[in-house]
Amino acid sequence: MSEILNSAIRSVQQSKAAWCRFITGNDTGKTGSHQAGFYIPKCASSLLFSEPGRKGEFKEKIVKVKWQDNFTTESCMKYYGQKTRNEYRITRFGHGFPFLQDDNVGDLLILAKFNEEDYAGYVLSSDEDIDEFFATFNLAPNETNQLIDVSGSVKPDVRIAQLLQNFVDRFDCFPETRQMAQGARECFNKAYKVADSNLKDKPDEVLLNWVDTEYRLFKFMEEKVYADVMTKPFGSIDTFVQMANEVLNRRKSRAGKSLEHHLADIFTKNELVFEEQAVTEDNKKPDFLFPNAECYHNLQFPADDLIVLGAKTTCKDRWRQVLTEADRVDVKFLFTLQQGISKNQLREMHDSHLTLVVPKKYISSFPKEYQAEISDLSGFIQMVRKKQESLPKYYLLT
């Protein structure tokens, strides 16, 4: 765990309010926006002001933000409520501020409020640090851009809370990851009456809801499994550290695998032929291979009809792993929940013949000139289906 990550976690835990989200091209001005600075959603207004802004007014205040425990800016918290505007923003970082550059797109921005004048700000760049931060506060990647629930309490939702609790009541310890993912899908689908047709019409939306529901289910499960542990004193620091590491490692390992499980269910419901963790060259195992390993190793099968998809919750550092997982396939795909990536990395991905697949609503967080090259989940499914519809039937027998 890096020192900056350690400090960010500690500041959030000690803060009166804290917020995080991925830095986008809109923040840095790389999407054509003229609004420099960081946009704050209305749901996080208490991060800036003690009272929310009212339509028709403009207000601002100067605060001190200590960044990375290293330097301080006198920044401006603003509410724009005049005319058609109704938004909050943090501006004024001074010349040479290092975190509004193109390379910062896709980094995780964290802001912690200690009082009305003093804040701490952090920017995490590596996938490992971002995953560790999410695991510490049990956040899903799509739960950013809102206040961090430091207390760990579950968001109230009468329709689904009982279903989640009923699932948890069946277990005395954590179920296997695939079973947990399936339970989350079943709870959400039942609560909101999600039919198989919704998985074909709105796969991007359904996937994000499944991911969010599973994080909530995981919180329920943690509260049950660790209830006795948290009421007893730890015998030593080593015992405490061991337990903390167990909790964090379980959170991190579950997040990546559950994304694969949710994608697999969507692909199945869309009647695509695929294989998970199929073995290719040198015992490499791409997350998804369409149609399957048998076709891949059959040199008579057209290479252009083979599709490889990796799945990673964040991918700033890890995207290159997908490039080596199937030698027969020139163009590879990577599904991610990452919101925003710098132009330099997108250019590298383009040059490496890697196409990103992200939930539809995330595409706008990427630099404008690359948005057309990024596919949403629905578009990816349609592309695979079109290829498979033109294949001889015997290739698609499972």
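Is Lys257 buried, partly exposed or exposed? Lys257 is partly exposed, at a relative accessible area of 33%, where buried means under 20%, exposed over 50% and partly exposed in between (1.4 Å probe, protein chains only). This is a predicted model, in which local features need pLDDT of at least 70 and side-chain atom pairs count only at pLDDT 80 or more, while totals for chains, interfaces and linings use all residues. Residues are numbered from 1 along each chain as its sequence is written, and side-chain values use heavy atoms, with hydrogens and water left out.

Lys257 has a salt-bridge partner in Glu260, with the closest N and O atoms 3.1 Å apart; the term denotes a side-chain nitrogen of Lys or Arg within 4 Å of a carboxyl oxygen of Asp or Glu. Both residues belong to helix 9, three residues apart, about one turn of the helix. Helices (H or I, at least four residues) and strands (E, at least two) are DSSP runs, numbered from the N terminus. Glu260 is buried, at 7%.

The structure holds 16 salt bridges. Another of these joins Glu116 to Lys61, at 2.7 Å between the closest N and O atoms. Glu116 sits in the loop between strands 6 and 7 and Lys61 in strand 3, so the pair links parts 55 residues apart in sequence.

Finally, Phe137 is buried, with a relative accessible area of 7%. Beyond its neighbours within four places in sequence, Phe137 contacts (heavy atoms within 4.5 Å) Ile9, Val12, Gln13, Ile148 and Arg251.
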